[in-house]
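This briefing gathers selected side-chain contacts and backbone features under a few topics. Please read it alongside the sequence and the coordinates shown here.

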Amino acid sequence: MRAYDVILKKRNGEKLSREEIEFMVGGYVKGEIPDYQMAAFLMAVYFRHLDEEETYYFTETMMRSGEVLDLSEIPGPKVDKHSTGGVGDKTTLVVAPLVASAGVPVAKMSGRALGHTGGTIDKLESIPGFRTELSLEEFIDNVKKYGIAIVGQTGNLVPADKKIYALRDATATVDEISLIASSIMSKKLAGGSDAFVLDVKFGTGAFMKGFEDARKLALLMLKIAQQHGKKAAAVLSNMDQPLGSAVGNSLEVIEAIETLKGNGPEDLKDLSITLGALMLELAGVADFDDGKKILQTKLETGEALEKFRILVKAQGGDERVVDDPWKVLPVAEQVVEFSAEREGYVSKIDAEKVGIASMVLGAGRKKKEDRIDHRVGIIVEKKIGDSVKKGETIAKLFVSDRSDVENALRLLKEAYVISDSPSKPPRVVEEVIK
């Protein structure tokens with residue numbers, strides 16, 4: 001078998017066999033197939049696509065390229081949650097303790113920020129002392145003891161995806177649905193959970209801009225889970241404005257803690273309870289509607305907040321963050337206000353531009369090697385449907401000496417549209433697919 005023949009076959013729109021896909025992925029990981037041939041293969045896939053069966057083979061081959069975790073030591077069904085990423089998306093920090101407080105073990109591996117969307121691991125690392133790197137034994141032991149652990153992905157998990165994703169990023173082949181689905185699901189399946197809840201986002205602040213593309217991606221990922229004998233459900237959530245108000249690492253941890261205290265923004269709370277209720281349903285604890293009621297109660301009684309405290313303490317973090325996050329977390333002291341230039345109503349927010357504004361302040365990464373500044377970020381004071389007066393604060397920028405404030409303010413100015421008549425705010429949960 002030659003790489004040339006496989007590339008030609010896919011370029012001509014023909015269906016690939018399992019053996020041909022294994023040959024390409026395995027050969028590339030071992031260094032037997034050079035970058036230029038794999039890049040040509042990915043471009044052929046970009047234009048000709050993989051069908052459901054090919055996507056299954058591609059996912060399976062990537063999943064088996066490294067370690068596949070065995071979580072069977074942890075009693076009960078393990079349900080994982082994945083988000084395709086969005087601006088201000090701190091749902092894992094709320095959902096994980098919420099679900100764990102209802103008795104479902106949460107063994108979560110999360111990623112770091114790249115580009116304008118935030119990474120859960122970076123957010124947790126803003127808590128002084130919090131360890132996001134645990135050995136597999138520690139990880140499993142913490143879930144058995146406390147019902148919860150959140151760690152960064154191990155180096156041995158799906159090495160094929162790491163190598164192929166880096167090449168996709170460099171060759172403009174990232175946004176192809178079969179490649180996205182296999183990248184996400186290979187990591188989820190290798191993580192060893194029994195069931196998955198997928199938060200697939202669409203809109204200006206999401207990776208997938210259009211609702212129909214996001215829905216297509218969700219259905220394909222659900223199909224892959226089903227083919228692997230795993231239960232799964234998906235939520236299609238709207239990212240046409242930032243989720244909640246906080247964008248940036250420490251600021252998002254503060255907002256997550258406030259939400260666990262029952263004081264958080266409604267959109268973040270609604271999405272978190274929806275995702276959590278689906279996790280309870282897949283675990284067999286309660287049906288969706290009862291699950292929502294259970295989780296609402298866990299917020300009201302403070303049990304979810306207590307579970308967050310346990311998570312922080314168990315992984316070496318300063319648990320005082322729960323009581324006084326503004327004091328414990330690193331937050332920039334210098335605040336710059338972005339004000340309205342005219343009176344009216346916020347009718348549109350380009351959430352991606354808000355995310356990029358936060359990134360240029362230092363809260364995100366343009367490339368993997370960049371260092372994140374946990375102190376900086378943006379608090380969005382006005383969202384779609386809100387009225388504003390001329391000169392009124394729309395957003396507060398928490399900045400450091402290294403922040404590109406001028407560029408961030410320009411991006412916010414471009415992101416906001418203020419109109420004469422009020423607009424209806426988008427609902428965050430657009431569809432639930434079981």
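Predicted model: local features only at pLDDT ≥ 70, side-chain atom pairs only at ≥ 80, totals over all residues.

A residue is called exposed when its relative accessible area is over 50%, buried when that area is under 20%, and partly exposed in between. By that cut-off Phe47, at 59% relative accessibility, counts as exposed.

**Aromatic pairs and a charge over a ring**

- The structure holds five aromatic pairs, and one of them joins Tyr46 and Phe47, whose ring centres are 5.3 Å apart with planes at 85 degrees, so that this pair is edge-to-face.
- Within that pair, Tyr46 is partly exposed with a relative accessible area of 23%, whereas Phe47 is exposed at 59%.
- Another edge-to-face pair is formed by Phe202 and Phe211, with ring centres 5.2 Å apart and planes at 80 degrees.
- Of these two residues, Phe202 counts as buried at 7% relative accessibility, while Phe211, at 26%, counts as partly exposed.
- A contact of another kind involves Tyr28, because the charged end of Lys163 is placed over the ring of this tyrosine, 4.5 Å from the ring centre, and a lysine NZ within 6 Å of the centre and within 35 degrees of the ring normal is what such a placement requires.

- The structure holds 36 salt bridges, including one in which the side chains of Asp51 and Lys15 meet with an N to O distance of 2.5 Å.
- This pair links distant parts of the chain, 36 residues apart, since Asp51 lies in the loop between α3 (35–48) and α4 (52–63) and Lys15 in the loop between α1 (3–11) and α2 (18–30).
- Both residues are partly exposed, Asp51 with a relative accessible area of 30% and Lys15 at 39% relative accessibility.
- Lys144 and Glu73 form another salt bridge, in which the closest N and O atoms are 3.2 Å apart.
- Here too the link is between distant parts of the chain, with Lys144 in helix α7 (residues 136–146) and Glu73 in the loop between α4 and β1 (79–83), 71 residues apart.
- Lys144 is partly exposed with a relative accessible area of 41%, whereas Glu73 is exposed with 52%.

- Lys293 counts as exposed at 56% relative accessibility, while Asp290 is partly exposed with a relative accessible area of 38%.

- Val158 is buried, with a relative accessible area of 2%.
- Ala172, also a residue other than glycine, has a positive phi near 55 degrees, and its place is in the loop between α8 and α9 (177–190).
- Ala172 is exposed, with a relative accessible area of 57%.

Key. Residues numbered from 1 in each chain as written. Heavy atoms only, no water. Buried < 20%, exposed > 50% of the residue type's maximum accessible area, 1.4 Å probe, protein only. Helix = DSSP H or I, 4+ residues; strand = E, 2+ residues; numbered from the N terminus. Phe/Tyr/Trp six-rings, centres within 6.5 Å; stacked < 30°, edge-to-face > 60°. Salt bridge = Lys/Arg side-chain N within 4 Å of Asp/Glu carboxyl O.
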